Amino acid sequence: MPDVFPPDTVRCDACPVLCYIKRGHAGACDRYANVEGQLVRVDPHILLDRAKSQGTPLVPFLEREGDWDGKIMKGQETFVTAIGAGTTYPDYKPAPFIVSSEVEGVDMVTVVTEGIFSYCGVKLKIDTDRHLGPERNLVRAQGEPVGHVTTAEYGSQMLSLGGVHHLTGGSKSEGRITCETLLELCNGKEVELTIDDGASIRVAAGKPPVVNGQREERMRVGCGSATIGMFAKQWFGKVDDVVVVDDHITGVLSEHQAGKLLGVRETGIAIQGRRSTPGRYFQVAEPGTGWGGTNISDPLTILKPFKPKFAWPHLRLLMVSTTGEQFAYYELDEALRPVEKELPEPLRESVGRIRENCEPALTTVLFMGGAGGSLRAGVTENPVKLTDSVKRKLTRVTCGGAPAYIWPGGGITFMVDVTRMPENAFGYVPTPALVAPIEFTLKKADYAVLGGHVDYVRPLADVLKEKERQRQLVSHAQNPWPLKPHAGSSES
Amino acid sequence: MRDPALIRMLPDGRRLHLHDGPIDLIIEASGSPKAISAAYEAAARRFVSILDELCSELPLLRSRTEKDSERPLGAAAQRMFAAVEPYCEDCFITPMAAVAGSVAEAILESMTVAANLERAYVNNGGDIAIHLAGSHRYKVGMVERPDSPSLFGSLEIAAKDPVRGIATSGWRGRSFSLGIADAVTVLADCASAADAAATVIANAVNLPDHPGVTRIPACEISSDSDLGDLRVTRGVEPLSQFEIEAALGNGLRVASLLQEKHLIHSAALCLQKCVRVLPDSFTNSRCFCRDGFLKPSAPEINTQFELTGRTNPHA
């Protein structure tokens, strides 16, 4: 291996082979190349074919042979995505592809570019009731701070990762690890994160989260109190009392309004924690990764002794978590102490029903970024007009063909569900910043009005001739077809 | 930044795709669903460290192998070394000549250790390690040029045959070749042996000093190539039938020598649409069928896989 290599040779660090790549050549993998002295990913440029019918999964098309079937030449069925298209950065030059096509009798233009996002991050929604960590605490990857805990939503914990302050505002290694973490999450890979004073988790877009080594299966159907309300009728007569253990609100059947209405007899049960309203208790234990998002593994620890005035020997008690994943059945002995017994069949059914009603727990990854000035300048000579056109929904914004939600207010700040984008749609630059595909689609007439680079518009058929680097995929069945005229830009 | 290894099922739900740096594997196992999942998990577990393992000894693996060369330490690297050692006194060779086959073999071994499989293959860009039990068999289509895939022949391997490795080498492939063969496909006991032999035979399919062959020192294309300043083939003009026969004859002589030394079982050599086959050593029947097309599958034959071609990163 040469100690000194020519100035136009780059060393690729994408894998441990660490190829020295000469100008104009590719590395051992053929995926990274030296273009003009810069290390560049040379993955193919992705085109989307409109899914023939709903429910067609995203599947690769075989590389097309030279003979087009005519359908493509009509143009309306193929959408040129920005994945692999290249960027305008750092020059203020027109976007790499400005493509015109006729769709349903309307001339449409799609401006296609890979944007370099220094202002970007991901929002994670992690379906779990387990306590991941206190709000505002740091989320770390490989020991580096990459984000923080924001809040809890119904059945889910929310994290915010990345953002400009982690990417470029901290130490070099903080920026590098943040970029790497975002890239992996956006490309659907699993990452391991730890939360200060909290849990260690493994998450990947569209997959169940793993909290402290435990795979999360289901989301709770409701809080403990709501679960009592939903299932009271099914329990009535089969058991004397039910406790639904929940970190938020633990419910008790015999005290709950739903139980009272059915005429459930008082049982003398006494629960640790702060009583909110009858049959509803806050803070029965500390948050944790045990029963119903609490830290308990033995549910009896939340019970105080039964009141002898009301309780009776052989009283039947079911304790269950909000997802039905944990449950235990007890009967009181002569001294009114609960003794664990096997769960009777009729109750087993109700526990199964709770579980059934809990949806699969997933991690959702939304990429969020803001289109900067140079990106917008690649679309039009007058960037503010693009913003305006996007707000008025004359211009639709997509990422690799997936619909983007545009935040109200100034600028073009958008969010997109990464699972609806083609695989490996994201890249990075060492700045560090993420490279994400972004496409702006609008009527050709509107494009001229907003000062678009009309001289650079090329017909779709022209773009399709450059087949060497192109790859055709079928569009995601749930995505609205990006070229359809007049649809809004914020459907999702 | 180190790209993480990719582990996923292909959209057909049957095949496993593993990718890391320059390694791209397509894997399929047959057996009970439990055995398949155990095998895939074992493959993925073995896979995640194999590239780092090889790279830790890269300078050694890229140097010329000689009788008294230092031996590598890694298990996969040792397979590479063992596969090229038989050639080291006769020609320039480095362990890298067997890297693809050795990786395929190492991954396959982890799978067959973990699960009881009827059959399985690990295809590393055309270098394939296969496992066959009972009366199972594989039918394989051969492609001469990765850039315009069309089958130039097919072959069939049954469990009773001693073949457990198939490899293809040629100047159009991803690795450099000193020869001009479009494709040389070799059947051997194992994938690493097939890989090394395919490299050696493809180098021998040659017309030295022919003006129609463009050759460039390997280091001019890739600074860190194991081939250093050896001149590798970058272009071959259309040759006359006589020249094609001569070049294929050179390759075939080397192939039969390797067969005599029990290094390979059989080989098919392809140059500009002409194919020469070295019949296999273990049976009167031929593994290779030169019918040009795969016949419709018999009931027990339901897998066909291509010998060449890279995996589409977006597939």
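Residues are numbered from 1 along each chain as its sequence is written, while chains are lettered from A and ligands numbered from 1 in the order in which they are written. Because the model is predicted, local features need pLDDT of at least 70 and side-chain atom pairs count only at pLDDT 80 or more, whereas totals for chains, interfaces and linings use all residues.

**Stop 1: the sheet of chain A**

Start with chain A. Its 11 strands form an open sheet, ordered β16-β15-β14-β13-β10-β11-β12-β9-β26-β30-β29, with antiparallel pairing. Strands here are DSSP runs of E, at least two residues, and helices are runs of H or I, at least four residues; both are numbered from the N terminus. Two strands pair if DSSP finds at least two bridges between them.

Select β16 (214–215) and β29 (405–406) of chain A. These are the edges: each has a single partner strand, so one side of each is left without a neighbour in the sheet.

Next, select β10 (138–141) and β13 (191–195) of chain A. They pair antiparallel over 2 bridges. Find Arg140(A); its bridge partner in β13(A) is Thr194(A).

**Stop 2**

Move to chain B. Select β1 (6–9) and β2, which run antiparallel and are joined by 4 bridges. Met9(B) stands opposite Leu16(B). The two strands form a hairpin with 6 residues between them, and Gly13(B) in the turn has a positive phi of about 75 degrees.

Is β2(B) mostly covered or uncovered? Mostly covered: 4 of its 5 residues are buried (20 or more other C-beta atoms within 10 Å of their own, with C-beta atoms placed from the backbone).

**Stop 3: two helices of chain B**

Finish with α3 (75–84) and α4 (99–114) of chain B. Their axes come within 9 Å and cross at roughly 130 degrees (axes are lines fitted to C-alpha atoms over the stretch in contact, and angles run from 0 to 180 degrees between N-to-C directions). Residues in contact, with C-beta atoms placed from the backbone and lying within 7 Å, include Met80(B) of α3(B) and Val103(B) of α4(B).

Technical notes
Two residues are in contact if their C-beta atoms, placed from the backbone, lie within 7 Å. A residue is buried if 20 or more other C-beta atoms lie within 10 Å of its own, exposed if 12 or fewer, and partly exposed in between; C-beta atoms are placed from the backbone.
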